[in-house]
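The structure comes first, then the notes.

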Amino acid sequence: MFEFFHSMNLLPQRFIFRFGFASQTSTFKGKYPCSIPSHGRRKFSATTLSSATPKSGEELLLVVGGGAAGIYGAIRAKTLAPNLKIVVIEKAKPLSKVKISGGGRCNVTNGHCPDNKILAEQYPRGHKEFKGSFFHSHGPMDTMSWFSDHGVVLKIEEDGRVFPASDSSSTIIDCLMSEAKRSGVLLQTGKVVTSASSTADGKFAIKLEKRSLDYVEHVEADYLLIASGSSKQGYNLATQLGHSILEPVPSLFTFKIDDLKLAELSGVTFPKVKAKLQLEGIQKKIPQLTQVGSMLVTHWGLSGPVVLRLSAWGARYLSSSDYKGTLCVDFTPDLHIEDLKSALTRHKSQFLDLTSPLSLLFSSMQRQKVLNSYPSELAVVKRFWKYILDREGICGDMLWSSISNNLLISVAALLKDCAFSVKGKGQFKDEFVTAGGVPLSEIYLDTMGSRIHPHLYFAGEVLNVDGITGGFNFQNAWTGGYIAGTSIGNLAVHERVYQ
């Protein structure tokens, strides 16, 4: 969305680029106007490196990563410490995950978790640590207020997901970039921070490179915020500064199922199922590996909220088992198996009694075919009913009057416990999330500061934190960025006063 012109390659190498928009100001609800880009060409102003380097007595915060956590943290720090020089380094396009999340709408946060303890339970990695003060500092309501105050109208959908009313992630991106520009946060793109070390006077010696050019730059920073998401860049920097890394593995993905007949049901949705993930070598009972919710059949297997939640909670177990296991699905979670058996038996009896009103609605041939009717309690589509019959070896042309009670019991058992062989993982296109990163035990959650290095901070997915789908991963970014920015901003002001 924020492309540099090719002509920029002709500029002197020792330049940094500061975002600027050709814009018009529109008034929205909230405290601040939001600068919205015009339909004209976006403009960029170039400033020499020396102008971004702190003057004597000034301090520099270098932010690694121009994603949600990095930009939000930079804005917060600059708000509290206007004299602090802040430069965000982004190797690609800023806020790229924001752009694609929620199908391009940007699932900002979740509005159905006012209780912070319930909110913490939405994080497979982080649920224990987040029960403390983390979200008290800046929770979903605070995030919504911030965007509202900066001109973004938000809406909460039935499932709690929060989106901009425009249904466009550009609204969120434009708001963040406008506020960063207004506050004086500088942004460099196309560069990678390749090394970081501490100096004798407690600062950070930073090395930056441009992969497209033979370009190396050395910067000395007073504060370092690593908010580089799941990229190796952040992990490498963390290890260089003495931190450990829990091996990153994918989270939030779909399940590949080896079942050609299931693939024929692609597009079929189930509003409510109960699914349990069984993996070899896992002896202990893990409550989170059983989930209730909606499920979707895809060309390659199964997806939907239930599967995505299971993939998140089982991320490490699935990785160690090479993404193979068994998914057991209850397609009628609100019906006890005995009630389901009774429903099937009652349905059969109606076709045995040819004087019943139902039997009169069908022709002599159709009214008794098992394929053509089934109990309304099942609430499934005909294609899925055929799939169940096929799995039980029941011919659809069989007459209801001739089906045995034992077969009906088998059908009921399959509907309550239908096993699918998981053969691998697919991809959830709306979110790319990893489990792993810097352990939470190595930072102070009330400041997001390192327990190893003073003035070193982390925020976002570079930490061993990941949430389930529904806006929770962005909320971790907003909260972590806000806390880190607050800590850095307050410290910078305090140290300036005592200089």
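## Basis

The model is predicted: local features need pLDDT of at least 70, side-chain atom pairs count only at pLDDT 80 or more, and totals for chains, interfaces and linings use all residues. Residues are numbered from 1 along each chain as its sequence is written, and side-chain values use heavy atoms, with hydrogens and water left out.

## Largest pocket

The volume of the largest pocket is about 660 Å³. A pocket here is an open set of points on a 1 Å grid over the protein atoms alone, where a 1.4 Å probe fits, with protein on both sides within 12 Å along at least five of seven lines. Its volume is the space filled by probe spheres set on the points, which are joined across faces, edges and corners.

The lining (residues with an atom within 4 Å of a point) consists of 35 residues, and nearest the centre lie Gly-67, Lys-97, Gly-229, Ser-230 and Glu-461. Two or more lining residues come from each of α2 (68-80), β6 (85-90), α3 (96-104) and α15 (472-497); α3 gives the largest share, five residues. Helices (H or I, at least four residues) and strands (E, at least two) are DSSP runs, numbered from the N terminus.

## Strand pairing

Strands pair if DSSP finds at least two bridges between them. Strand β9 (residues 161-164) runs antiparallel to β7 (residues 109-110), with two bridges, and Asn-110 stands opposite Arg-161. Three bridges join β9 to β8 (residues 154-156), also antiparallel, with Leu-154 opposite Pro-164. Four residues separate the strands in the β8 and β9 hairpin, where Gly-160 has a positive phi near 95°.
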